[in-house]
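Dear colleague,

My notes on it follow.

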Amino acid sequence: PSDGSVIVNKGVLASQTEFQLGRVVSDREFEFTLFNCSSSSVTISSITYQYDTGVTLVLPNSTPMVLAPYQTIPAKLYIEKDGHHQVTTGIDISLSNGKIISLKVTGYRATIFPIAPQWDKGVLERLKWKNSLTTKISGSEQRVGLRALPRVDIEYTVLVNAEERAVMERLFKLHGDSVYYLPLWMYSFTVAQDYPQGAVSIEVDISDYRITNGTLLCVLGDDGTYYAYASKSYINGILTLETPLKTGISKGEPLHPIALTQLINDIDAKKLARDVWESTLMFQSVSVIPWEASEFDANTYRGEPLLIAEQNHIDALEVSFLPSVDVYDNEVSDLSTRETTHYIPSNFGFNFVFQGKDQLDKYKQWLYSRRGILTPVWVPTWDEDMQVAIDHTLEPAGKLTIKKKKSVDHTHTDYQHIFVMKRDGEFVATKITDVEDNLNGTLTLDIDASLPASLTPNNTLICCYLRRCRLEGDDVEINWVTPDITKSTVGFRTLKNHD
């Protein structure tokens with residue numbers, strides 16, 4: 001008090017009485033202390049929980065427990081990730097002197113979203129990086145990475161009956177746009193045989209690339225409820241869980257990786273027929289999906305990954321060029337233009353079609369290595385395939401003779417590197433140091449890397465120039481037509497070779 005006197009609380013104090021948990025996505029614990037600040041002993045006679053929501057208070061000894069004068073004891077508050085969605089509970093610690101210490105715990109848990117997509121409309125997966133871009137008048141770019149790992153949007157349409165619609169409405173009323181464990185329906189795999197309640201090791205059919213220690217998975221139990229589990233290990237086809245199965249699972253039952261997501265769109269239910277409704281759902285990940293963050297290991301050119309796509313994956317090609325004039329707008333809105341002499345970039349794009357998870361996994365690893373527009377990539381000009389003119393054994397070292405092609409601008413400033421691939425998959429990507437026109441429809445290139453000695457016109461799969469590019473934007477969409485067939489359009493923008 002302001003008069004300088006001291007008032008001593010002669011009861012028991014808690015170092016913390018309010019616990020705001022936020023999202024509870026794993027088992028958590030909080031440590032605090034209880035202090036008897038009186039000169040006499042006090043007994044903790046009982047602990048009362050206002051609600052049973054998976055919250056437990058643990059003291060060094062069971063009650064009744066005596067606190068000696070001026071004694072401090074540790075206490076722990078355990079919160080289980082499984083339980084009611086809303087964590088709003090109170091804990092009363094009753095003392096022998098009639099006092100009560102009240103603890104308040106608030107937060108919320110994620111729940112599994114159980115409604116699967118309508119596959120005839122597919123599933124859209126959107127990877128969203130974030131980078132800062134500054135372009136100079138010369139055409140050079142400065143790019144700064146702001147988000148190393150992308151946010152992931154998953155959008156799909158559901159077709160529900162009256163019972164499933166009731167489940168969905170109950171979820172939205174309880175949780176709203178809160179967090180959900182969303183099964184990644186696209187990456188499901190199956191259980192090899194029946195397993196009883198309590199089993200911890202199960203046989204599954206999947207490559208171990210997509211499961212790491214701690215990966216969250218969910219499966220539909222025999223009681224019709226989805227349960228979540230964390231993987232402990234995956235060795236030789238055997239998946240070991242950190243906790244036993246809470247219910248039995250049947251042979252052939254899909255097992256899904258799950259991601260922590262948040263619902264980000266308003267839900268409209270369109271009635272198609274009696275007791276049949278259609279809705280579009282959009283979720284955004286709020287945590288990194290661990291099995292998508294692996295390192296990229298691929299062929300590189302001058303330290304930068306080279307985009308090599310089998311041509312049968314390319315469904316279509318579009319090329320567009322940017323304007324070659326600058327437009328100036330002064331304060332009185334008069335427009336003027338002038339021709340520019342700086343580098344003029346061009347945009348082009350590929351539509352890829354992938355069959356099977358292996359092809360898609362390699363593509364996604366490549367996307368993760370690019371980090372949106374941040375990191376450049378060398379892209380072969382697949383649409384401008386040329387022909388090798390002479391067996392390489394007949395040429396001096398460091399030389400390559402190609403046939404000129406009328407549709408190719410061999411003098412283009414972007415074309416300072418060349419890419420040659422044999423039919424057996426062996427390839428070379430190298431810099432062109434000089435060009436000689438032989439005046440007979442061929443060009444002889446001086447190159448700074450050795451080509452395969454056995455290279456001939458007949459065993460060459462492709463010979464084309466390389467363009468140094470970046471992705472056109474930070475967002476890339478992957479359209480899942482089925483769980484095994486995916487399509488993706490990726491756009492590129494050419495860069496000056498020294499950018």
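Which residues of H2 are buried? They are Lys357, Leu360, Asp361, Tyr363, Lys364, Gln365, Trp366, Leu367, Tyr368, Ser369 and Arg370, where buried means under 20% relative accessible area, exposed over 50% and partly exposed in between (1.4 Å probe, protein chains only).

This is a predicted model, in which local features need pLDDT of at least 70 and side-chain atom pairs count only at pLDDT 80 or more, while totals for chains, interfaces and linings use all residues. Residues are numbered from 1 along each chain as its sequence is written, and side-chain values use heavy atoms, without hydrogens and water.

Helices (H or I, at least four residues) and strands (E, at least two) are DSSP runs, numbered from the N terminus. The end C-alpha atoms of helix H2 (residues 357-370) are 20 Å apart, which agrees with the 20 Å that its 14 residues should span at 1.5 Å a residue; the expected span is 1.5 Å times one less than the number of residues. After H2 comes Arg371, whose phi is positive, near 55°.

As to charged pairs, there are 16 salt bridges, each a side-chain nitrogen of Lys or Arg within 4 Å of a carboxyl oxygen of Asp or Glu. In one of them, Arg470 pairs with Glu141, with the closest N and O atoms 2.7 Å apart. This pair links strand E33 (residues 460-471), which holds Arg470, to strand E12 (residues 141-161), which holds Glu141, across 329 residues. Arg470 is buried because its relative accessibility is 3%, and Glu141 is buried at 14%.

Yours sincerely
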